[in-house]
Amino acid sequence: KNRLKQNNVVIHIRGGDALTHGRNNVIRKYNNQIFELLPILFKKYKNYTYYIHSDDNVDFLIDLLKQNNIEYFHFSKSTNIMEVISDFIHSDIFIMGISALSYVCSFLGEKKLIICNDDYKQNIHDKCVKISDFIYF
């Protein structure tokens with residue numbers, strides 16, 4: 001069941017166990033890029049609702065959303081996995097996390113735009129834009 005509002009951005013911020021298994025620097029860099037990306041999205045996609053899924057502290061994003069009077073919902077790791085998958089699939093704009101779950105969900109549903117980490121080397125969806133390409137070009 002799709003619980004998302006029309007015109008939505010779903011963000012998957014990886015944290016938790018991934019930060020302790022050798023991907024800490026890549027994940028932190030990507031999270032900083034997401035912080036740079038959001039003001040661009042705010043201007044380009046007005047009146048969108050943001051949905052953040054993370055098992056990490058995302059106060060830096062929530063503060064930015066609040067400062068810009070953006071409607072948002074935050075979901076933690078206690079959220080039912082089927083709801084998480086549904087949100088990823090039904091997103092209009094999907095900002096992937098550095099995870100297999102995000103990767104698989106990027107191929108499901110009818111998204112307008114998918115934003116992924118610059119380091120993805122495997123096949124990516126044709127609607128996927130690497131985050132640096134979106135921010136800097």
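Arg14 is located in the loop that connects β1 and α1, where helices (H or I, at least four residues) and strands (E, at least two) are DSSP runs numbered from the N terminus. The residue is buried, with a relative accessible area of 16%; buried denotes under 20% relative accessible area, exposed over 50%, and partly exposed in between, as computed with a 1.4 Å probe on protein chains only. Between the C-alpha atoms of Arg14 and Lys29, which are 15 residues apart along the chain, the separation is 12 Å. The model is a predicted one, in which local features need pLDDT of at least 70 and side-chain atom pairs count only at pLDDT 80 or more, whereas totals for chains, interfaces and linings use all residues. Residues are numbered from 1 along each chain as its sequence is written, and side-chain values use heavy atoms, with hydrogens and water left out.

Strand β2 contains His53, a residue that is buried at a relative accessible area of 3%. Contact is taken as heavy atoms within 4.5 Å. Not counting residues up to four places away in sequence, His53 touches Arg3, Val10, Ile11, His12, Ile13, Phe75, Val84, Asp87 and Phe88. The C-alpha atoms of His53 and Leu41 are separated by 18 Å, the two residues being 12 places apart along the chain.

The largest nonpolar core comprises 41 residues. Such a core is defined as a set of buried Ala, Val, Leu, Ile, Met, Phe, Trp, Tyr and Cys residues joined through side-chain atoms within 4.5 Å. Those with the most contacts inside the largest core are Ile11, Ile34, Leu38, Leu41, Tyr50 and Ile95. Helix α1, which spans residues 24-44, gives the most to this core, with 7 residues. Leu41 is in contact with Val9, Tyr50, Ile95 and Phe134, when residues up to four places away in sequence are not counted.

The largest pocket holds about 240 Å³ of space. Grid points are joined across faces, edges and corners, and the volume is the space filled by probe spheres set on the points. The largest pocket is lined by 15 residues, of which His12, Asp55, Lys77, Val84 and Leu101 are the closest to its centre. Two or more lining residues are given by each of β1 (8-13), β2 (49-54) and α3 (81-90). The largest share, 3 residues, comes from α3. By residue class, the lining divides into 6 nonpolar, 6 polar and 3 charged residues; Ala, Val, Leu, Ile, Met, Phe, Trp, Tyr, Cys and Pro count as nonpolar, Asp, Glu, Lys and Arg as charged, and the others, Gly among them, as polar.

Helix α3 also contains Ile89. Apart from neighbours within four places in sequence, Ile89 is in contact with Cys105, Leu108, Gly109, Glu110 and Lys111. A search of the whole structure finds 0 disulfides, a disulfide being a pair of cysteine sulfur atoms within 2.5 Å. The sulfur of Cys105 is too far for a bond, because the closest cysteine sulfur, in Cys128, is 13 Å away.

Phe60 belongs to helix α2, residues 59-67, and counts as partly exposed at 29% relative accessibility. Phe60 touches Asn31 and Phe35, not counting residues up to four places away in sequence.

Terms used: 1 Å grid on protein atoms, 1.4 Å probe; cavity = no way out; pocket = protein on both sides within 12 Å on 5 of 7 lines; lining within 4 Å.
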